[in-house]
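Trainee: I have a model open and want to learn how to read its features. Can we take them one by one?

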Amino acid sequence: MPLTELDTPTLVLDLDAMERNIQRMAQFAAAHGVQWRPHAKLHKSARIAQRLVAAGASGCCVQKVAEAQAMAAGGVRDIYISNQVLAPQKLQRVAALARQLQQQGGRLALAVDSAQGVAGLAQALQGAGVPQAVEVFIEIDIGQHRAGVGPGAPAVALAQNIVRQRQLRLAGLHAYHGGAQHIEDGSQRAAAMQAAYALVRQTLEQLHAAGFTDLAVTGAGTGTFALEAASGLYTELQPGSFLCMDAHYARVQPVPQSPLPGPTHFEHALFIKTQVLSSCATHAVVDAGHKSHAIDSGLPMVWNQGQPPLYEFRNGGDEHGIVAPRVLHGALHAPVPALGQALWLVPGHCDPTVNLHDAFVGIRGGLEQGVVQEIIPIDARGALW
């Protein structure tokens with residue numbers, strides 16, 4: 001199907017751009033001697049997760065047990081739940097999944113940040129008869145103050161707790177600063193991460209002094225992955241948004257006078273195709289409202305083939321968006337879009353936007369002359385539990 005026949009609003013994935021992004025990340029990880037484990041909470045698709053593994057990824061990260069189950073059902077065999085799991089009913093599902101993956105020659109790992117979480121996980125694994133110890137990573141709070149045990153001595157105490165559980169194996173540290181990913185000023189973002197790395201280094205030194213060695217360190221996101229790789233502390237990177245890129249990451253500036261790549265090293269690959277439903281002298285109304293894209297990181301950008309946007313997108317409610325020509329030097333930058341005209345939006349935040357749709361429409365050949373090549377199910381849509 002040519003893209004001119006594609007209905008609206010539709011979530012479109014530019015496969016050519018996505019594959020170039022994958023190649024760039026794979027080359028970066030190889031050049032810096034680190035593993036990369038892209039976060040599946042972005043795409044929520046087992047098919048895409050498998051493509052990333054085929055390109056060299058060590059596996060996938062997820063945030064929810066249901067996401068892990070969806071990835072496993074789609075054939076992914078190395079899964080890390082980079083979040084705390086505490087509820088007994090969830091831990092029973094974790095144990096069943098760990099057993100399933102081990103029987104298939106795979107692996108399930110989890111993050112922990114409390115003695116209660118460690119005890120509950122060990123008890124669930126024992127009750128399910130999971131044959132091999134499950135790897136756990138101690139999540140430490142490196143500055144976001146969202147989750148994680150305190151760095152240094154509290155992390156050492158939790159490590160000592162973990163090694164007393166024969167059902168668990170301490171694999172290392174989970175050190176992720178989600179709040180730093182979207183600091184747009186490059187210098188401020190780098191400063192925040194240097195403070196975070198000091199906490200990681202301090203924790204590793206105290207763990208080594210307590211006899212814990214050969215520890216992996218996993219973390220990083222699209223906004224900071226190159227800084228983590230350059231720190232010499234991290235053995236695995238978890239960025240996910242690089243795959244698609246969104247409008248907010250396009251505003252995250254590189255670190256000044258640094259050769260390291262940043263978010264703008266990657267291409268926009270995720271779009272919402274929309275159509276003009278109504279038009280007047282000042283603006284057009286399109287059929288892509290908030291039910292088609294997330295707005296927590298800002299409104300979408302109206303795509304202009306990589307050039308500065310001709311239009312701005314305004315809040316139109318659940319079912320509609322307002323598109324108005326930008327004003328430049330006191331004059332309209334472009335004519336008001338015509339009735340029936342197709343426009344392409346770059347979502348403000350890709351992860352929750354994907355969670356609003358059942359499938360990606362995968363295209364090749366670009367947004368102007370491209371064709372639909374495949375429909376990619378979003379297997380873990382709504383998998384929030």
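Trainee: Is the crossing of helix 4 and helix 5 left-handed or right-handed?

Mentor: Keep in mind that this is a predicted model. The crossing of helix 4 and helix 5 is right-handed.

Trainee: Which residues of helix 4 and helix 5 make the contact?

Mentor: Helix 4 brings Leu91, Gln92, Val94, Ala95, Ala98 and Arg99. Helix 5 brings Gly120, Leu121, Ala124, Leu125 and Ala128. By class, that contact has eight nonpolar, two polar and one charged residues.

Trainee: How do I describe the packing of two helices in general?

Mentor: Two values describe it: the angle between the axes and the distance between them. Here, helix 4 (residues 88-103) and helix 5 (residues 115-128) pack at an angle of about 55 degrees. Their axes are 9 Å apart. Helix 4 and helix 5 are therefore oblique to each other.

Trainee: At what angle do helix 3 and helix 4 pack?

Mentor: The angle is about 25 degrees, and the axes of helix 3 (residues 65-73) and helix 4 are 10 Å apart. Angles under 35 degrees count as roughly parallel, so helix 3 is roughly parallel to helix 4. The crossing of helix 3 and helix 4 is left-handed.

Trainee: Which residues make the contact of helix 3 and helix 4?

Mentor: From helix 3 come Val65, Ala66, Ala68, Gln69 and Ala72. From helix 4 come Lys90, Arg93, Val94, Leu97, Gln100 and Leu101. They divide into seven nonpolar, two polar and two charged residues. Val94 is listed in this contact and also in the contact with helix 5.

Trainee: Now the domains. How is the size of an interface given?

Mentor: Often as the accessible area lost when the parts come together. The domain assignment gives domain 1 (15-245) and domain 2 (270-377). Their C-alpha centres lie 34 Å apart. The contact takes 14 residues from domain 1 and 16 residues from domain 2. About 1,400 Å² is buried between domain 1 and domain 2, and carbon and sulfur atoms give 49% of that area.

Trainee: Which three residues supply 37% of the area that domain 1 buries against domain 2?

Mentor: Leu15, Leu42 and Arg47, more than any other three residues.

Trainee: What about the backbone? Is the peptide bond from threonine 8 to proline 9 cis or trans?

Mentor: That bond is cis, with omega near -10 degrees. Proline 9 lies in the segment before strand 1 (10-14). Look for histidine 145 in the loop between strand 6 (134-139) and helix 6 (153-162).

Technical notes
Residues numbered from 1 in each chain as written. Predicted model: local features only at pLDDT ≥ 70, side-chain atom pairs only at ≥ 80, totals over all residues. Heavy atoms only, no water. Axes fitted to C-alpha atoms, helices over the stretch in contact; angles between N-to-C directions. Helix = DSSP H or I, 4+ residues; strand = E, 2+ residues; numbered from the N terminus. Parallel < 35°, antiparallel > 145°, perpendicular 65-115°, else oblique. Left-handed = near helix turned anticlockwise from the far one by under 90°. Contact = heavy atoms within 4.5 Å. Nonpolar A, V, L, I, M, F, W, Y, C, P; charged D, E, K, R; others polar. Domains from an automatic or database assignment. Buried area = accessible area lost by both parts, 1.4 Å probe.
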